[in-house]
Amino acid sequence: MPAVSIIIPVYNVKPYLEGCVKSVLTQSFQDFEVVLINDGATDGSEKICDQFVACDSRLHVVHKINGGLSSARNAGLDWMFQNSGSEWLFFLDADDAIH
């Protein structure tokens with residue numbers, strides 16, 4: 001089980017999403033999982049989520065209808081509590097990156 005679950009809400013962030021996810025994947029710390037919450041994106045972000053998930057088993061995606069940022073974060077928490085044994089949680093906005 002990973003030490004950290006990173007929850008990334010995704011809603012119409014196509015220009016930023018790839019950079020955000022890659023910034024997580026290239027960290028020296030690798031004991032994590034990423035939960036991408038597609039909150040009803042309509043700009044192709046949802047397809048980017050699916051492409052990342054197909055390439056790395058540490059990534060997961062939840063597709064849901066749009067409910068806003070808090071709803072997306074709560075969906076990530078629900079997924080984490082049902083599917084993960086992570087001890088730590090980190091929220092990352094899809095238009096941000098980890099340096």
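Visitor: Where is Asp96 found?

Guide: In this predicted model, Asp96 sits in the segment after β4, the strand that covers residues 88-91.

Visitor: What separates the C-alpha atoms of Asp96 and Pro15?

Guide: A distance of 11 Å separates these two C-alpha atoms, although Asp96 and Pro15 are 81 residues apart along the chain.

Visitor: Stepping back, how many helices and strands does the chain have?

Guide: The chain has three helices and four strands. Their order along the sequence is β-α-β-α-β-α-β.

Visitor: How much of the chain counts as buried?

Guide: Of the 99 residues, 43% are buried. The chain exposes about 5400 Å², and 54% of that area comes from carbon and sulfur atoms.

Visitor: Which residues have the most contacts inside the largest nonpolar core?

Guide: They are Ile6, Ile8, Val10, Leu17, Val34 and Leu36, in a core of 18 residues. At least two residues of this core come from each of β1 (4-10), α1 (14-25), β2 (32-39) and α2 (45-55). A second, separate core has nine residues, including Val35, Ile37, Ala75 and Met80.

Visitor: Why would such residues be found together?

Guide: In soluble globular proteins, nonpolar side chains tend to be buried together.

Visitor: Take Ile8, then. Which residues is Ile8 in contact with, leaving aside neighbours within four places in sequence?

Guide: With those neighbours left aside, Ile8 is in contact with Cys20, with Val34, Val35, Leu36 and Ile37, and with Leu92, Asp93 and Ala94.

Visitor: Where does Val34 lie, and is Val34 buried or exposed?

Guide: Val34 belongs to strand β2. Val34 counts as buried because its relative accessibility is 1%, under the 20% limit. Leaving aside neighbours within four places in sequence, Val34 is in contact with Ile6, Ile8, Val24, Arg58, Leu59 and His60.

Visitor: Now Trp79. Which helix holds Trp79?

Guide: Trp79 is in helix α3, residues 69-83. With a relative accessible area of 16%, Trp79 is buried.

Visitor: Which residues is Trp79 in contact with, apart from neighbours within four places in sequence?

Guide: Those residues are Glu33, Val35, His60, Val62 and Ser84. As for Asp95, which is 16 residues from Trp79 along the chain, the two C-alpha atoms are separated by 22 Å.

Visitor: What is the phi of Asn12?

Guide: Phi of Asn12 is near 50°, a positive value in a residue other than glycine. Asn12 lies in the loop between β1 and α1 and is partly exposed, with a relative accessible area of 28%.

Visitor: Lastly, how many positive and negative side chains are there?

Guide: The chain has 6 positive and 13 negative side chains, and 6 Å lies between the centres of the two sets.

Notes: Residues are numbered from 1 along each chain as its sequence is written. This is a predicted model: local features need pLDDT of at least 70, side-chain atom pairs count only at pLDDT 80 or more; totals for chains, interfaces and linings use all residues. Side-chain values use heavy atoms; hydrogens and water are left out. Buried means under 20% relative accessible area, exposed over 50%, partly exposed in between (1.4 Å probe, protein chains only). Accessible areas come from the Shrake-Rupley method with a 1.4 Å probe; for residues, only the protein chains shown count as cover. Lys and Arg count as positive and Asp and Glu as negative; His and the chain ends are not counted. The place of a charge is taken as NZ of Lys, CZ of Arg, CG of Asp or CD of Glu. A nonpolar core is a set of buried Ala, Val, Leu, Ile, Met, Phe, Trp, Tyr and Cys residues joined through side-chain atoms within 4.5 Å. Contact means heavy atoms within 4.5 Å.
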